[in-house]
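My entries are set down below in the order in which I made them.

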Amino acid sequence: MATSQSGLTTTKAPFIEKAQASGELYIHQPYELYSEENHRAWATLYARIQERWQKYANPKFLDGVHSLCFDPHKVPKLDDINKFLNPLTGFKAKAVSGYVPAFLFFDCLRNREFPTTITIRDINTLDYLPEPDIFHDIAGHVPMHTDRKFADTLVRFGECAHLAAEIVSGIKDEKEKIDRIVSIFKALARFFWFTIEFGLMRGEAQELKVYGSGLLSSYGEIAHCIESPEVQRYPIQLEWVINQYFEIDHYQPLLFIVDSFEHLFDLVGVLEEWMKSGKLNNVAPGQPTMSEADVKSFLERT
Ligand SMILES: [Fe+2]
């Protein structure tokens with residue numbers, strides 16, 4: 001049977017294709033559909049990264065991994081993860097069928113929900129990730145959501161989307177409105193990329209530790225980002241971050257360092273202020289682009 005063979009493998013899952021075709025974004029996790037191969041992919045990814053997490057990950061992330069009680073051998077059940085996660089910070093992982101349009105993504109964070117991919121990468125290409133999978137979302141992101149300050153930072157970040165929608169709602173000219181929302185979106189997406197996805201933090205002994213999920217879920221890059229002389233690492237400068245384009249298809253050559261999660265939380269406050277004062281209205285062009293669905297998701301709220 002095609003369904004049981006392909007299980008819930010990234011880009012090869014009939015269950016996901018069906019959900020997408022019928023426009024269902026928020027779905028359930030049909031756990032029985034995971035194949036033996038899917039579980040083996042999780043077990044392999046999980047086992048090999050342990051040593052690197054111990055060496056490079058932020059201590060709050062390691063605490064989170066401990067709190068969530070992952071089964072090393074099986075793809076996690078979102079309901080099980082949420083039983084441990086929800087009492088700690090109110091967050092929960094919420095299954096989605098694919099890309100979540102920007103405003104909805106922000107809004108989920110604001111409601112302490114994390115849109116979570118349920119498919120897992122093909123066991124034959126473990127280092128190749130055509131799109132986020134459950135290992136990236138659950139093993140890379142969710143352990144950080146057990147930390148109260150980090151969780152509050154995500155919520156505050158999510159609130160920025162409402163502020164953005166409110167700010168542009170007063171603009172009559174449609175083109176000006178779209179230009180404004182695109183620029184603000186670029187600034188916010190770049191901030192998310194260089195912190196939540198690829199952030200570094202100073203540890204207690206001033207050593208660098210990883211808290212960004214794109215790094216925490218990559219066996220290769222978690223070591224590369226700390227050890228390689230080819231990576232530029234700078235104390236975070238918000239002016240730089242909001243104007244810095246990024247590319248997603250290779251190891252990051254430029255990373256930014258925060259001092260603490262309090263620091264990160266405060267930076268979102270600065271972003272809010274800058275948004276209000278117009279400082280995010282004309283950021284540098286370049287990646288990321290904003291899709292039509294992203295723009296529409298914002299405009300529908302204005
Ligand atoms: Fe991510």
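The entries that follow concern helices, their packing and a few single residues.

**Ground rules.** I noted that the model is predicted, that local features need pLDDT of at least 70, that side-chain atom pairs count only at pLDDT 80 or more, and that totals for chains, interfaces and linings use all residues. I numbered residues from 1 along each chain as its sequence is written. I took helices (H or I, at least four residues) and strands (E, at least two) as DSSP runs, numbered from the N terminus.

**Helix H5.** I looked up H5, residues 78–89, and found 12 residues reaching 16 Å from the first C-alpha to the last, close to the 16 Å expected at 1.5 Å a residue. The expected span is 1.5 Å times one less than the number of residues. Which residues of H5 are buried? I found Leu 78, Ile 81, Leu 85 and Thr 89. A residue is buried if 20 or more other C-beta atoms lie within 10 Å of its own, exposed if 12 or fewer, and partly exposed in between, with C-beta atoms placed from the backbone. Seen down the axis of H5, the buried residues fall within an arc of 60°, so they line one face of the helix; the arc is that of the directions from the helix axis to the C-beta atoms. I saw that these buried residues pack against helices H4, H7 and H8 and strands E1 and E2. After H5 comes Gly 90, with a positive phi near 85°.

**H8 with H13.** I then turned to H8 and H13 (residues 261–277), whose axes are 9 Å apart and pack at an angle of about 5°. Axes are lines fitted to C-alpha atoms, for helices over the stretch in contact, and angles run from 0 to 180 degrees between N-to-C directions. H8 is therefore roughly parallel to H13. Angles under 35 degrees count as roughly parallel, over 145 as roughly antiparallel, 65 to 115 as roughly perpendicular and the rest as oblique. The contact includes Phe 150, Phe 157 and Leu 163 of H8, and Phe 265, Val 268 and Leu 271 of H13. Two residues are in contact if their C-beta atoms, placed from the backbone, lie within 7 Å. By class, I recorded 12 nonpolar, one polar and five charged residues in this contact. Ala, Val, Leu, Ile, Met, Phe, Trp, Tyr, Cys and Pro count as nonpolar, Asp, Glu, Lys and Arg as charged, and the others, Gly among them, as polar.

**H6 with H14.** The axes of H6 (residues 102–110) and H14 (residues 292–299) come within 6 Å and cross at roughly 60°. H6 and H14 are therefore oblique to each other. I listed Ala 102, Phe 103 and Leu 104 of H6 as meeting Asp 294, Ser 297 and Phe 298 of H14.

**Met 201.** Met 201 and Ser 260 are 59 residues apart in sequence, yet 6.5 Å apart in space, C-alpha to C-alpha.

**Backbone details.** I noted a cis peptide bond from Gln 287 to Pro 288, with omega near 0°. Pro 288 is in the loop between H13 and H14. Thr 11 is not a glycine, but has a positive phi of about 65°. Thr 11 counts as partly exposed, with 13 C-beta neighbours inside 10 Å.
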